[in-house]
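Subject: Handover of a structure and the findings

Dear colleague,

Please find below the structure that I am handing over to you.

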Amino acid sequence: MLNVYESVAANKRRTWLIMAVFIFFIAGAAWVLGEALGYGPSFVGIALIFSGMMSFASYWFSDKIILTISRAKPANRKQHFHFYTVAENLSLAAQIPKPKLYVIEDTAMNAFATGRDPEHAVVCATTGLLERLNRTELEGVVAHELSHIRNYDIRLMSIVTILVGMVTLLADWFMRASFYGRGRRNRDEGQIRMVIAVAGIILALLSPLIAQLIKLALSRRRELLADASAVMITRQPSGLMSALKKLNADREPLEAANKATAHLYITNPLKNHHDAIGWFASLFQTHPPITQRIRALEKMS
């Protein structure tokens, strides 16, 4: 397993690599879809400009967008004293600035981190989690979220989420245009055009699925690494293990969460998962099974 410094460096490289791969993928997909619709190279330029704007927005404003969607409010030091002091102490141990703290008024138990770097990071927890975890368990959860910040997972996953949305939007544009627009009028322009049109339809159907699977695979890997990194910060696996058991026992869905933000949380906030799942079904899970995470922590202890 990578150490913390190797993980940070790897995540920074992976961020730029994923952005480059997505841009090239969008350009290639836009060319195929543009040819299928009869728009030509101009469709590629439009797609690249739009993907660039989406990447820029995801880098600078993803935290504000996510906090707004989640209906999160700034934490109050007096009201959420343990949350504040745990975050302050563990930030010193992790050698990063203390992130801004937010809370979601909900009895469901969960937490997430977001932002673009350790200097512009946010940790958000539900009031249900803050009320039902003891201080040692809260330290494990906060250390997990601080690990996402220190390892630059927050930047990586924010950008990936926006770019996956871009691929889905591009595919949706194509399907609508092919049904209503020029794609249908140009269907008799020869076999090459027909082949490109079929390739475009297949690409439009499969590309959102492929992009989503890439995002989910990255998310599951990041959760396991953040668990290990949290133990390095707190020096006691028992706190996070106990917290994960309580989170696993909580079957209340988080109303503020949705499919777009579910991968950010420490456990699946939608509660539509089971530990005993098949290999194919596991590809679509936002998080690794909690029993698997607990077993990994037990080995560390």
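The crossing of H9 and H11 is left-handed, a term used when the near helix is turned anticlockwise from the far one by less than a right angle, with clockwise being right-handed. Helices (H or I, at least four residues) and strands (E, at least two) are DSSP runs, numbered from the N terminus. The model is a predicted one, in which local features need pLDDT of at least 70 and side-chain atom pairs count only at pLDDT 80 or more, while totals for chains, interfaces and linings use all residues. Residues are numbered from 1 along each chain as its sequence is written, and side-chain values use heavy atoms, leaving out hydrogens and water.

**Helix packing**

The axes of H9 and helix H11 (residues 290-300) are 10 Å apart, at an angle of about 165°. Axes are lines fitted to C-alpha atoms, for helices over the stretch in contact, and angles run from 0 to 180 degrees between N-to-C directions. H9 and H11 are therefore roughly antiparallel; angles under 35 degrees count as roughly parallel, over 145 as roughly antiparallel, 65 to 115 as roughly perpendicular and the rest as oblique. Contact (heavy atoms within 4.5 Å) is made by residues including Leu240 and Leu244 of H9 and Ile294 and Leu297 of H11. The residues of this contact of H9 with H11 comprise eight nonpolar, one polar and three charged. Here Ala, Val, Leu, Ile, Met, Phe, Trp, Tyr, Cys and Pro count as nonpolar, Asp, Glu, Lys and Arg as charged, and the others, Gly among them, as polar.

How do H5 and H9 cross? The axes of helix H5 (residues 135-150) and helix H9 (residues 237-249) come within 7 Å and cross at roughly 90°, which makes H5 roughly perpendicular to H9. Among the residues in contact are Gly140 and Val141 of H5 and Gly239 and Ala243 of H9. The contact of H5 with H9 has three nonpolar, four polar and two charged residues.

**The chain and its cores**

The protein chain has 11 helices and four strands. Of its 301 residues, 53% count as buried; buried means under 20% relative accessible area, exposed over 50%, and partly exposed in between (1.4 Å probe, protein chains only).

A nonpolar core is a set of buried Ala, Val, Leu, Ile, Met, Phe, Trp, Tyr and Cys residues joined through side-chain atoms within 4.5 Å. The largest such core has 38 residues, of which Phe83, Leu129, Val142 and Ile149 touch the most other members. A second, separate core of 14 residues includes Ile66, Ala72, Tyr102 and Val122.

**Individual residues**

Phenylalanine 112 lies in strand E3 (residues 111-115) and counts as buried, because its relative accessibility is 1%. Leaving aside neighbours within four places in sequence, phenylalanine 112 is in contact with residues including Ile66, Val122 and Leu264.

Glutamine 95 has a positive phi near 60° and sits in the loop between helix H3 (81-94) and strand E2 (100-104). Tyrosine 152, with a positive phi of about 65°, lies in the loop between H5 and helix H6 (153-180). Are these residues buried or exposed? Glutamine 95 counts as exposed at 67% relative accessibility, whereas tyrosine 152, at 13%, counts as buried.

Yours sincerely
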